[in-house]
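Dear colleague,

I am passing on the structure we spoke about, and would be glad if you could look it over. My notes follow below it.

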Amino acid sequence: MSKAVYEGWMARYGRRKIGRAYIHMRYFVLESRMLAYYKKKPEDNMIPIKTLAIDGNCRVEDRGLKMHHGNTLYVLCVYNKKEKHHRLIMAAFNIQEALIWKEKIEHVIDKEASGNKADSLLPSKPEVENGRVGSSSDQDSRYSAEEEEISHPPLLRRTTIGNGPPESLYDWTRDNKSNNDQVSSRKHWRLVRCQNGLRIFEELVQMDYLPRTCGRAMKAVGVVEASCDDIFELVMSMGGTRYEWDCSFDFGSLVQEVDGHTAILYHRLQLDWYPMIVWPRDLCYVRYWRRNDDGSYVVLFQSREHPNCGPQPGFVRAHIESGGFNISPLKSRDGNKPRSQVQHLMQIDLKGWGVGYLPSFQQHCLLHMLNSVAGLREWFAQTDGNPSLPGMPGMPVMVGMQPNRAPSKRSRKFQESASQPRDNIITRPSTMMDGESDDEDDLSEQEQEQNKQAHGASRREPEIKLMSLEEEPLEKIDLSGFSGNLRKDDNEKSRDCWRLSDGNNFRVRSKHFVYNKSKIPAGKHIMELVAVDWFKDVRRMDHVARRKGCAVQVAAEKGLFSVAINIQVPGSTNYSMVFYFVMKGLKPGSLLQRFVDGDDEFRNSRFKIIPSVPKGSWIVRQSVGSNPCLLGKALDITYIRGPSYLEIDVDIGSSTVANGVLGIVCGVITTLVVDMAFLIQANTPDELPERLIGAVRVSHIELSSAITPVLEDSNSAS
């Protein structure tokens, strides 16, 4: 094997001739004249699964963003223009990694092309025709190889950027003087105000062909201390993070994925202008994006009608004449932190009978939307140098989102009818790479033969699960005989009780966490929560599993294995809340079995809790947080291993920080609803994905309902 130019883990994306799209993590190696991938990091004389010779005829096609089981991938296709069937499709979970690979491959292609005259005389730049951007590979149908050799200088960029923007979508970022159909006065702007650190410009010329309700185009220009790539990912997001920087955003979802660069979106606006009397607005628009050679990004918006996104009850459908973002790199002042200029343009008709008579409404709402540039600046200013987007695997996920903000009173009464199937505006995109029938299966000939003999059974199942972990259902357990002094009540309004918490409320490490840091809904628990005890005593209560008649002893009599988690709360009166989880038996070699039978050092490095406070004061929610925590690293934990159980005693009083939080919580405990999920942290691909031991919700706990237990001094559960 020759010296590698670049190497690393990437996703191998494709689609079988019969079956669904698949994705594998493969180790790609780029050499001076070859691109290859392996199932694992190659060693001496290891044969790659597939190779592609790199020469001056190769092209790197940017296929944009693709959705796969809730994860967003940035897809690249490397192929030879003379043998287009011979290609490799690779994908990254973040755009930065994809761009690194694209630049490295293009560098090798340019190096090969410069050493071969027959391949070096190619078009110098992409052609622009009818507003569409073409690549060098787009010219193959027009010129023969001989014509290319004679008439064109060497190619500097060998990449495509999709099919270009849809026709009639105006690209306001280009100063296209030759196109007389567009208004040439787009470049004439005047500064109308400065607010929130932004310059607000207004277009000088009024468009005569537009209705009176559609005002002049306005744009906000500001500087954000972040890279163009990071800003682009945040701008493309339609998830919960958008609420943190876009004050005009209420809800968004994907209607149709046209290709990797174009999508149809549905968007509800949050306009703070007399919401009691003004109907809320929504949008259905096409969004196109591209990345330019200088590293800048262009995102364009324009309203479109779509059969699956008709008018919604309780909303007025606004119309975007033109709009979008232009994100351009700037020179760094300090030489360290990147800077970018962000322009946000919007020309919108908010519709409605009174808009034409209330210009203040139009201007207020437009400025409200343009202020998102200031929101971007402040969001990145508070990330402390770490702009990773929470809950996003590198790129935005737009399918299946739910609105997080309460709708206005006028729209709330229509919410139920608007969510019925007949009005459902969300259609899941078709399988990625439709029409793609790559014959690049990551299977050896022997494996393929075995698959044929099995009548293609393996092809009927996806190769990877990136959605919530719906593994085999829990075996039925006889719950009779289990009891605790804290009652179970599934009514959400009940007080001083507990109930099971949905595992999908918690996000855990996915199968590919080690590669892309992605997380997924946790899904079903691996153990059954059967009882909860709420104790108090003058002393700390250790080893509660020895208490006669407790759930641990009942489980032992039934031949079940149990885990008792004892949360110990110190004070003048000591409290303990004990959760009892049971299962049929430990699976040999599983992560849970290794945790139960391991030493304390291993247990402390893996035992994790994910807290959440769905209902409570702001200061409590901020103090408790919702980030996973390795309890063994922060608190003193005692593990007691019995013949058929493991008790975990967590001493909250062993941490000064935890004691401070506890002082806040105990004072308002009767007003709180608290969720807790317990799990064993998974670190390696063999252990992933993570699964919950169990999850519980405790509601409005009363200190007076705790009882004093009678603990046996000598007997222990068996």
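**The chain as a whole**

The accessible surface of the protein chain comes to about 33,900 Å², and carbon and sulfur atoms hold 48% of that area. Please keep in mind while reading that this is a predicted model. The chain has 718 residues, of which 53% are buried, and its secondary structure consists of 15 helices and 32 strands.

**Nonpolar cores**

The largest nonpolar core has 70 residues, and the members that touch the most others are Leu35, Ile348 and Leu376. Helix α1, which spans residues 95-114, gives this core its largest share, namely seven residues. There is also a second, separate core of 49 residues, and among its members are Met577, Val613, Leu688 and Val698. As general background, nonpolar side chains tend to be buried together in soluble globular proteins.

I looked in some detail at strand β26, residues 574-583, where ten of the ten residues are buried. In a regular strand the side chains alternate between the two faces of the sheet. In β26 both faces are covered, with Asn574, Ser576, Val578, Tyr580 and Val582 buried on one side, and Tyr575, Met577, Phe579, Phe581 and Met583 buried on the other.

Strand β24 (residues 528-537) runs antiparallel to β26 and is joined to it by nine bridges, with glutamate 528 standing opposite valine 582. Strand β25 (residues 561-569) is likewise antiparallel to β26, again with nine bridges between them, and here isoleucine 567 is the residue opposite methionine 577. In the hairpin that β25 and β26 form, four residues lie between the strands, and glycine 571 takes a positive phi near 155°.

**Serine 576**

Which residues does serine 576 contact, once its neighbours within four places in sequence are left aside? They are Asp533, Trp534, Phe535, Met541, Asn566, Ile567 and Gln568. Serine 576 belongs to strand β26, and it counts as buried because its relative accessibility is 1%, where the cut-off for buried is under 20%. Its side chain makes a polar contact of 3.2 Å with the side chain of asparagine 566.

With best wishes

How values were computed: Residues are numbered from 1 along each chain as its sequence is written. This is a predicted model: local features need pLDDT of at least 70, side-chain atom pairs count only at pLDDT 80 or more; totals for chains, interfaces and linings use all residues. Side-chain values use heavy atoms; hydrogens and water are left out. Buried means under 20% relative accessible area, exposed over 50%, partly exposed in between (1.4 Å probe, protein chains only). Helices (H or I, at least four residues) and strands (E, at least two) are DSSP runs, numbered from the N terminus. Two strands pair if DSSP finds at least two bridges between them. A nonpolar core is a set of buried Ala, Val, Leu, Ile, Met, Phe, Trp, Tyr and Cys residues joined through side-chain atoms within 4.5 Å. A polar contact is a pair of N or O atoms within 3.5 Å; within protein, one must be able to donate a hydrogen and the other to accept it, and residues adjacent in sequence count only if both atoms are side-chain atoms. Contact means heavy atoms within 4.5 Å. Accessible areas come from the Shrake-Rupley method with a 1.4 Å probe; for residues, only the protein chains shown count as cover.
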